[in-house]
Amino acid sequence: NSIEDTSPQVIDDLRRNNIRKDLEHNLLPRDTRDRTHRKNQGAMNGAMSFLELGKLMNTSWKKCDDFAKSVFNELSEEGREHYRLRLKEYNASSEGLLNECAKAPSTKQNKPN
């Protein structure tokens with residue numbers, strides 16, 4: 001089998017899987033609680049400013065073909081769904097904690113008049 005004999009659907013699936021694999025560990029937020037804070041004086045790791053990074057990302061996005069953009073849009077929607085799920089879990093746990101606090105007997109002692 002040669003590449004010419006491969007169906008467009010198989011090629012799209014390979015491209016989609018390659019994009020996903022490249023981004024596999026870079027999509028979800030990282031736990032940065034143990035990271036020490038360092039000021040970078042207006043530059044991202046000393047390499048480029050935030051503005052330059054934005055311009056570079058804009059140019060790169062414009063160069064992407066429609067298929068690659070569709071994969072990134074799929075990943076974006078999956079990320080939003082993951083965020084909504086985590087937020088729902090957080091809110092449920094917060095409500096439970098608030099309800100537990102409301103049910104707990106007060107530790108204040110009543111002072112006689």
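This is a predicted model: local features need pLDDT of at least 70, side-chain atom pairs count only at pLDDT 80 or more; totals for chains, interfaces and linings use all residues.
## Salt bridges at a glance

Searching the whole structure turns up 8 salt bridges, and a few of them are worth a look here.

**Within helix H3**
- Arg-80 and Glu-77 sit 3 residues apart in helix H3, so about one helical turn separates them.
- Arg-80 is partly exposed, at 38% relative accessible area.
- Glu-77 is partly exposed too, with a relative accessibility of 36%.

**Between helices H1 and H3**
- Glu-74 pairs up with Arg-20 in a salt bridge whose closest N and O atoms are 3.5 Å apart.
- Because Glu-74 belongs to helix H3 (residues 66-103) and Arg-20 to helix H1 (residues 8-22), this pair ties together parts that are 54 residues apart in sequence.
- Arg-20 also meets Glu-78 in a salt bridge, at 2.7 Å from N to O.
- That pair is another link between distant parts of the chain, with Arg-20 in helix H1 and Glu-78 in helix H3, 58 residues apart.

**How exposed are Arg-20, Glu-74 and Glu-78?**
- Arg-20 counts as partly exposed, at 25% relative accessibility.
- Glu-74 is partly exposed, with a relative accessible area of 28%.
- Glu-78 counts as partly exposed, at 41% relative accessibility.

**The network**
- Arg-20, Glu-74 and Glu-78 belong to a network of salt bridges that also takes in Asp-13 and Arg-16.

Conventions
Residues are numbered from 1 along each chain as its sequence is written. Side-chain values use heavy atoms; hydrogens and water are left out. A salt bridge is a side-chain nitrogen of Lys or Arg within 4 Å of a carboxyl oxygen of Asp or Glu. Helices (H or I, at least four residues) and strands (E, at least two) are DSSP runs, numbered from the N terminus. Buried means under 20% relative accessible area, exposed over 50%, partly exposed in between (1.4 Å probe, protein chains only).
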